[in-house]
Amino acid sequence: MKLDKKILEEKIREFRSFKSWSESTLMGLCECANVDMSKAEMCKLACGFAGGMGGTFDEGTCGAVTGALMANGIILDDTGKIKANAKEIFNAFKEEYGTVRCDIISKNGEDKSPCVDCCVFIANKVADLLDE
């Protein structure tokens with residue numbers, strides 16, 4: 001499956017203006033992949049992962065990663081591929097940002113300037129994996 005990365009980035013930037021990292025990443029990927037799920041359902045699925053999972057920041061994984069992992073599982077049917085991709089998604093993010101912890105990336109939620117770039121980076125990684 002080939003996703004248009006330009007449209008993917010536009011959707012993530014749009015959603016990120018009013019949604020969390022997890023919601024924006026999940027929604028951007030699923031909309032580009034034409035997943036038959038409403039925005040409301042996607043938001044409900046992803047909202048608990050905001051702020052490093054339930055707003056824990058220092059104990060949770062970045063929402064961009066969790067949103068990407070959810071989208072990967074929703075879009076694909078092959079559980080083996082889902083698991084293999086999940087490892088690649090996690091490792092690619094950690095390599096790029098040095099961590100997957102929300103508190104380190106966002107300075108405990110006080111600096112959300114990296115948000116969109118984190119979401120776009122990992123969504124593009126998912127798009128690459130879906131294209132293989």
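Of the 132 residues of the protein, 46% count as buried, where buried means under 20% relative accessible area with a 1.4 Å probe, protein chains only. Please keep in mind that this is a predicted model, in which local features need pLDDT of at least 70, side-chain atom pairs count only at pLDDT 80 or more, and totals for chains, interfaces and linings use all residues. Residues are numbered from 1 along each chain as its sequence is written, and side-chain values use heavy atoms, leaving out hydrogens and water.

The secondary structure comes to 7 helices and 0 strands, with helices being DSSP runs (H or I) of at least four residues and strands (E) of at least two, numbered from the N terminus. The radius of gyration, taken over C-alpha atoms, is 13 Å, close to the 14 Å that the globule rule gives for 132 residues, so the protein is as compact as a globular protein of that length. That rule is 2.2 Å times the number of residues to the power 0.38.

Now turn to helix H2 (residues 21–32) and helix H4 (residues 63–75), which pack at an angle of about 30 degrees, with their axes 7 Å apart. The axes are lines fitted to C-alpha atoms over the stretch in contact, and angles run from 0 to 180 degrees between N-to-C directions. H2 and H4 are therefore roughly parallel to each other, a label for angles under 35 degrees.

Which residues of H2 meet H4? They are Trp21, Ser22, Thr25, Leu26, Leu29 and Cys30, and their partners in H4 include Gly63, Ala64, Met70 and Ile74.

Methods. Parallel < 35°, antiparallel > 145°, perpendicular 65-115°, else oblique. Contact = heavy atoms within 4.5 Å. Buried < 20%, exposed > 50% of the residue type's maximum accessible area, 1.4 Å probe, protein only.
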